[in-house]
Amino acid sequence: MNLSEHRYGVALEWTGNRGTGTTTYRGYGRDHVLRAPGLPDLPGTADPTFHGDRDRWNPEQLLLSALAQCHMLSYLHVAVKNGITVVSYEDDAEGTLRLNRDGSGEFTSVLLRPVVRVSDGSPELATALHDEAHRLCFIARSVNFPVEHAARTLA
């Protein structure tokens with residue numbers, strides 16, 4: 001077993017066939033379900049701008065969520081390694097998606113805004129550790145756009 005390589009899998013099922021498939025652009029739903037063994041189903045869709053359902057997760061939100069989650073998990077790791085006791089962590093992340101004339105698009109940036117409360121350790125060090133968390137975050141290292149953070153530490 002190679003401990004330096006991990007594999008992940010999800011199953012996706014499109015549930016938006018309204019009876020005629022993709023015969024017209026507006027004639028099909030964007031709804032789908034993401035599944036992984038042992039986890040609750042995750043209802044997905046397109047962004048409402050692209051005919052999706054506001055009550056379901058869209059890929060753009062999931063990408064942003066993955067970046068926010070990864071940063072938090074990396075941050076908690078470096079905090080404990082550096083003697084910082086984190087007692088709460090919240091983030092209000094925002095991403096910018098640019099649409100191109102040819103119908104394609106891409107994220108151009110993401111801004112994470114973590115607010116961390118610490119009970120032990122230097123608040124200055126706690127804030128500085130976001131740089132290390134960013135360096136370690138698997139997801140941030142995997143995207144081709146800048147992922148910035150504007151962190152606040154509360155003691």
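Two elements, β2 and α1 (59-81), each contribute at least two residues to the lining of the largest pocket. The model is a predicted one.

**Largest pocket**

- The volume of the largest pocket is about 750 Å³.
- Its lining consists of 20 residues, and those closest to the centre of the pocket are Tyr8, Leu62, Ala66, Gln69 and Ile139.
- Helix α1 makes the greatest contribution to this lining, supplying nine residues.
- Sorted by class, the lining comprises 15 nonpolar residues, four polar residues and one charged residue.

**Sheet β1-β2-β3**

- An open sheet is built from three strands in the order β1-β2-β3, with antiparallel pairing.
- Strands β1 and β3 (42-44) are its edge strands, each of them pairing on one side only.
- From one strand to the next, the twist of this sheet averages 25°.
- The antiparallel strands β1 and β2 are joined by four bridges.
- Ala11 has Arg35 of β2 as its bridge partner; the side chain of Arg35 also meets that of Glu13 in a salt bridge.

**Sheet β5-β6-β8**

- A further open sheet contains three strands in the order β5-β6-β8, and here the pairing is mixed.
- The edge strands in this case are β5 and β8 (147-149), each pairing on one side only.
- The twist of this sheet averages 20° from one strand to the next.
- Six bridges link strand β5 (residues 94-99) to strand β6 (residues 105-112) in the antiparallel sense.
- Within this pairing, Leu97 has Phe107 in β6 as its bridge partner.
- The hairpin of β5 and β6 has five residues between the strands, and Gly103 in this hairpin adopts a positive phi near 95°.
- By contrast with the antiparallel β5-β6 pair, strands β6 and β8 are paired in the parallel sense, over three bridges.
- Val110 is placed opposite Val147 in β8.

**Salt bridges**

- Seven salt bridges are present in the structure. Those described here include the pairs Glu13-Arg35, Asp41-Arg35 and Glu132-Arg135.
- The side chains of Glu13 and Arg35 form a salt bridge with an N to O distance of 2.8 Å. Glu13 belongs to strand β1 (residues 11-14) and Arg35 to strand β2 (residues 32-35), so this pair ties together parts of the chain that are 22 residues apart in sequence.
- Which partner does Asp41 have in its salt bridge? Asp41 pairs with Arg35, and the closest N and O atoms are 3.2 Å apart.
- Glu132 and Arg135 form a salt bridge in which the closest N and O atoms are 2.8 Å apart. Both residues lie in helix α2 (residues 123-136), three residues apart, and are separated by about one helical turn.
- Through salt bridges that share partners, Glu13, Arg35 and Asp41 are joined into one network.

**Accessibility of the charged residues**

- Glu13 is partly exposed, its relative accessible area being 37%.
- Arg35, at 33% relative accessibility, is likewise partly exposed.
- Asp41, the remaining member of the network, is partly exposed at 44% relative accessibility.
- In helix α2, Glu132 is partly exposed at 30% relative accessibility, and Arg135 is partly exposed with a relative accessible area of 45%.
- Partly exposed covers the range between the buried limit, under 20% relative accessible area, and the exposed limit, over 50%. The 33% of Arg35 therefore places this residue in the partly exposed class.

**A further reference point in helix α2**

- Ala128 is located in helix α2, the helix that also holds Glu132 and Arg135.
- Is Ala128 buried, partly exposed or exposed? Ala128 counts as partly exposed, at 43% relative accessibility.
- Ala128 and Pro37 are 91 residues apart along the chain, and their C-alpha atoms are separated by 37 Å.

Technical notes:
Residues numbered from 1 in each chain as written. Predicted model: local features only at pLDDT ≥ 70, side-chain atom pairs only at ≥ 80, totals over all residues. Heavy atoms only, no water. Salt bridge = Lys/Arg side-chain N within 4 Å of Asp/Glu carboxyl O. Buried < 20%, exposed > 50% of the residue type's maximum accessible area, 1.4 Å probe, protein only. 1 Å grid on protein atoms, 1.4 Å probe; cavity = no way out; pocket = protein on both sides within 12 Å on 5 of 7 lines; lining within 4 Å. Points joined across faces, edges and corners; volume = space filled by probe spheres on them. Nonpolar A, V, L, I, M, F, W, Y, C, P; charged D, E, K, R; others polar. Pairing = 2+ DSSP bridges. Axes fitted to C-alpha atoms, helices over the stretch in contact; angles between N-to-C directions.
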